[in-house]
Amino acid sequence: MDGVKSRKSFTLDADVVQYIERYAKTNRVSNSTAVNQIIAMHKEQEQKKMVNFAEQMMDKHKDVFDYLAK
């Protein structure tokens with residue numbers, strides 16, 4: 001079963017649909033592409049938050065990391 005794609009079905013609020021349509025029109029892409037781009041941006045933001053959190057924890061506990069690095 002190579003190449004089989006699964007699709008998720010979900011319901012969106014009217015304001016979310018408006019945002020997607022406005023984003024799609026502004027960026028001249030289809031609605032599905034707009035959704036994919038919005039999701040990608042969200043994932044990137046979450047990744048940045050995680051990296052920042054990790055850096056803060058490393059800075060906060062620098063002495064422990066220095067000890068473990070020996």
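Mentor: Let us begin with a definition: an axis is a line fitted to C-alpha atoms, for helices over the stretch in contact, and angles between N-to-C directions run from 0 to 180 degrees. This is a predicted model, in which local features need pLDDT of at least 70 and side-chain atom pairs count only at pLDDT 80 or more, while totals for chains, interfaces and linings use all residues. Residues are numbered from 1 along each chain as its sequence is written, and side-chain values use heavy atoms, with hydrogens and water left out.

Trainee: How many helices and strands are there in the chain?

Mentor: Helices (H or I, at least four residues) and strands (E, at least two) are DSSP runs, numbered from the N terminus. The chain has three helices and zero strands, so that its elements read α-α-α from the N terminus on.

Trainee: At what angle do the axes of helix 1 and helix 2 cross?

Mentor: In general, two packed helices are described by the angle between their axes and the distance between the axes. Here the axes of helix 1 and helix 2 (residues 31-60) cross at roughly 100 degrees and come within 9 Å. Helix 1 is therefore roughly perpendicular to helix 2, given that angles under 35 degrees count as roughly parallel, over 145 as roughly antiparallel, 65 to 115 as roughly perpendicular and the rest as oblique. Contact means heavy atoms within 4.5 Å, and helix 1 contributes Tyr 19, Ile 20, Glu 21, Tyr 23 and Ala 24, while helix 2 contributes Asn 31, Ala 34, Val 35, Gln 37, Ile 38 and Met 41.

Trainee: Is Ile 20 buried or exposed?

Mentor: Buried means under 20% relative accessible area, exposed over 50%, and partly exposed in between (1.4 Å probe, protein chains only). Ile 20 lies in helix 1 and counts as buried because its relative accessible area is 10%. Leaving aside residues up to four places away in sequence, Ile 20 touches Leu 12, Asn 31, Ala 34, Val 35 and Ile 38. By contrast, Arg 22, which is found in helix 1 (residues 14-27), is exposed because its relative accessibility is 51%. Across the chain, buried residues make up 6% of the 70 residues.

Trainee: What is the phi of Arg 28?

Mentor: Most residues other than glycine have a negative phi. Arg 28 is not a glycine, and yet its phi is positive, at about 55 degrees. This residue sits in the loop between helix 1 and helix 2, and Arg 28 counts as exposed because its relative accessibility is 78%.

Trainee: Where in the chain is confidence lowest, and where is it highest?

Mentor: The predictor's confidence in each residue is its pLDDT, from 0 to 100, and where pLDDT is low, the predicted coordinates should not be read in detail. The chain averages a pLDDT of 89, with 96% of the residues scoring at least 70. Confidence is lowest in helix 3 (residues 62-69), at a mean of 84, and highest in helix 1, at 95.
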